[in-house]
Amino acid sequence: MRRARTWLPGLLLVAPSIVAIGVFVYGMLGWNFRLAMTDKHTSRQQDEQFVGLENFIAIWDQPRWHLSVEHAIKFTVVFVVGALVLGWFLAFLMEKGIRGEGTFRTIYLFPMAVSFIATGIVWRWLMNSGQGERAVGLNRLFDAVGLPQWAWFRDQDWGMAAMAIPAVWQMSGYVMALFLAGFRGVPEELREAARVDGCTEWGVYRHVVLPLLRPVTLSALIILGHISLKVFDLIMAVSGKQIVTDVPAVFMWVTVFDSDDPAKGATIAAYIVLAVAIFVIPYLVWSVRKEKDR
Amino acid sequence: MRAVRFILLLAFVLIFLIPVYVLLATSFKPLTEADPSQAWNLPQTWTFEAWGVAWEKLRPGIWNSILLAVPGSILACALGSMNGYVLSKWRFPGADVLFTLFLFGMFIPYQGVMIPLVQLLINLDEAVGASGFFYGGLPGLILAHVVYGIPICTLIFRNYYVTIPTELIEASRVDGAGMLRTYWSVVLPVSGPAIAVVIIWQFTSLWNDFLFAVFLASPQNWPTTVMLNNIAGAQATPYSQQMAAAILSSIPTMLIYVFLGRFFMRGLMAGALKG
């Protein structure tokens with residue numbers, strides 16, 4: 001190990017950030033978990049008592065919690081699968097080079113530069129549940145071309161699938177960019193070698209390209225998944241606080257601001273953190289290790 | 001095959017642009033054409049009426065967003081640059097572990113820190129004796145954005161500085177330059193592209209943020225997104241004004257995307273932990 005004189009200045013320069021991250025990320029997460037284990041059920045309460053995991057268990061008695069978890073799962077499945085498949089397909093169509101590639105990329109990616117609040121306004125209009133004479137948006141368009149009208153995000157069972165459509169629209173360009181970089185990272189010699197060995201063009205994809213895309217797919221999966229589990233802006237912009245599209249993040253907001261129940265709000269927040277941490281931590285450890293090996 | 005791929009890509013372009021058509025067409029419609037039967041038509045008479053009203057309603061929010069996003073991006077960029085430099089070229093024992101701990105801060109759902117954060121900002125207000133300075137005020141919102149921006153900014157700078165040849169740093173050391181001197185005269189002058197990527201990334205995320213603003217800002221400090229959501233949430237606001245407001249709120253980030261898209265892309269890729 002080098003002498004402290006050589007590395008100490010570096011540590012000092014990073015120290016403010018270490019303190020900031022230590023307090024604001026880890027300190028706050030810890031504080032939140034501690035709050036979730038108390039009975040502080042109004043913000044005015046001063047002498048809160050430690051109650052262990054009581055809040056974490058009690059919340060499962062609430063129908064609204066079940067509903068919001070179910071919604072988050074439905075949304076996540078449709079959004080992640082939708083964005084992965086569409087993003088992959090767009091990259092697949094472009095990977096061998098195509099005229100106007102730059103323009104295509106720019107258009108597919110532009111929703112990333114805009115807030116969910118702004119795009120939510122258009123999507124609320126597009127997915128308006130009004131039917132017949134009152135129909136605007138997609139329902140009117142569907143009616144004109146003979147497709148059935150639908151309640152979209154107000155549908156009891158499949159509303160969250162509709163809610164995932166704007167999210168897919170917003171994020172699939174990003175997935176496309178990730179996959180395109182992945183496709184381009186496959187050395188041409190490898191494909192050529194497979195062809196020489198008698199692989200069909202499909203076989204080259206199946207046995208050479210797709211396996212090499214696995215790390216990109218994993219990255220995309222993690223990014224989409226963690227966005228999905230904490231989704232808030234989009235829901236607020238499209239449907240607000242309606243129960244029919246309730247998710248944990250919205251439930252938490254309502255709990256903090258409308259019901260003024262810090263302990264319960266912290267409990268919901270803690271569950272969101274746990275849901276994300278379960279797959280993000282292994283991924284981070286894996287990717288930092290992989291980088292070290294290089 | 002090439003033609004089929006081109007036509008498919010073109011079809012997707014049309015689908016992707018449907019919301020853009022709706023935004024533009026609706027925003028230029030006069031109120032008399034607000035009937036559902038004309039929902040998909042272009043305006044018969046084009047008017048800036050809705051744009052004028054939307055601008056008046058949104059203006060305070062846009063000003064707040066500028067006051068928030070400009071210092072917020074510059075501060076996070078400065079911290080990220082110093083961290084990235086140390087973590088790539090002036091490493092100390094445990095630097096890798098620390099870097100991983102930083103990266104986790106990039107992925108945490110901010111809901112998990114929000115309630116304590118509000119409490120901390122209130123405590124800070126009491127400490128400085130100015131109610132509403134941190135909690136509710138722009139300084140508190142900027143503080144939050146800077147701190148939670150440190151991980152991604154550090155990541156982008158670190159990955160960029162790794163590509164600077166270590167010989168350059170060593171040469172500077174041999175010449176007797178210390179850590180800060182080397183940073184100032186060797187590293188910073190070549191940091192241009194990384195600075196552009198970080199500033200653009202931070203500015204876009206600050207401009208588009210809703211969660212922090214809705215938890216931390218008081219009404220007179222609401223940025224564009226919160227104002228926009230309130231305008232659109234009011235039942236009385238006609239669609240033409242909602243759409244015009246949505247476009248207005250997106251103009252700054254869209255301009256950045258169109259003219260500096262290259263840097264925007266690199267920021268996006270960095271978010272996927274790739275260099």
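**Chain B and its neighbour**

Author: Let's start with chain B: of its contacts between residues at least 6 apart in sequence, 76% join residues at least 24 apart. Contact here takes C-beta atoms, placed from the backbone, within 7 Å. By the way, this is a predicted model, where local features need pLDDT of at least 70, side-chain atom pairs count only at pLDDT 80 or more, and totals for chains, interfaces and linings use all residues. Residues are numbered from 1 along each chain as its sequence is written, with chains lettered from A and ligands numbered from 1 in the order in which they are written.

Reader: What makes a residue of chain B count as buried?

Author: Having 20 or more other C-beta atoms within 10 Å of its own, with C-beta atoms placed from the backbone. Of the 275 residues in chain B, 51% pass that test.

Reader: Why are α10(B) and α11(B) called roughly antiparallel?

Author: The angle between α10 (residues 224–233) and α11 (residues 239–259) of chain B is about 170°, and their axes sit 10 Å apart. Axes are lines fitted to C-alpha atoms over the stretch in contact, and angles run from 0 to 180 degrees between N-to-C directions. Angles over 145 degrees count as roughly antiparallel, so α10(B) and α11(B) get that label.

Reader: Which residues of α10(B) make that contact?

Author: B:Thr224, B:Leu228, B:Ile231 and B:Ala232, against B:Gln242, B:Ala245, B:Ala246 and B:Ser249 of α11(B).

Reader: How many residues of chain A are in contact with chain B?

Author: 80, and they meet 71 residues of chain B.

Notes. Two residues are in contact if their C-beta atoms, placed from the backbone, lie within 7 Å. A residue is buried if 20 or more other C-beta atoms lie within 10 Å of its own, exposed if 12 or fewer, and partly exposed in between; C-beta atoms are placed from the backbone. Helices (H or I, at least four residues) and strands (E, at least two) are DSSP runs, numbered from the N terminus. Angles under 35 degrees count as roughly parallel, over 145 as roughly antiparallel, 65 to 115 as roughly perpendicular and the rest as oblique.
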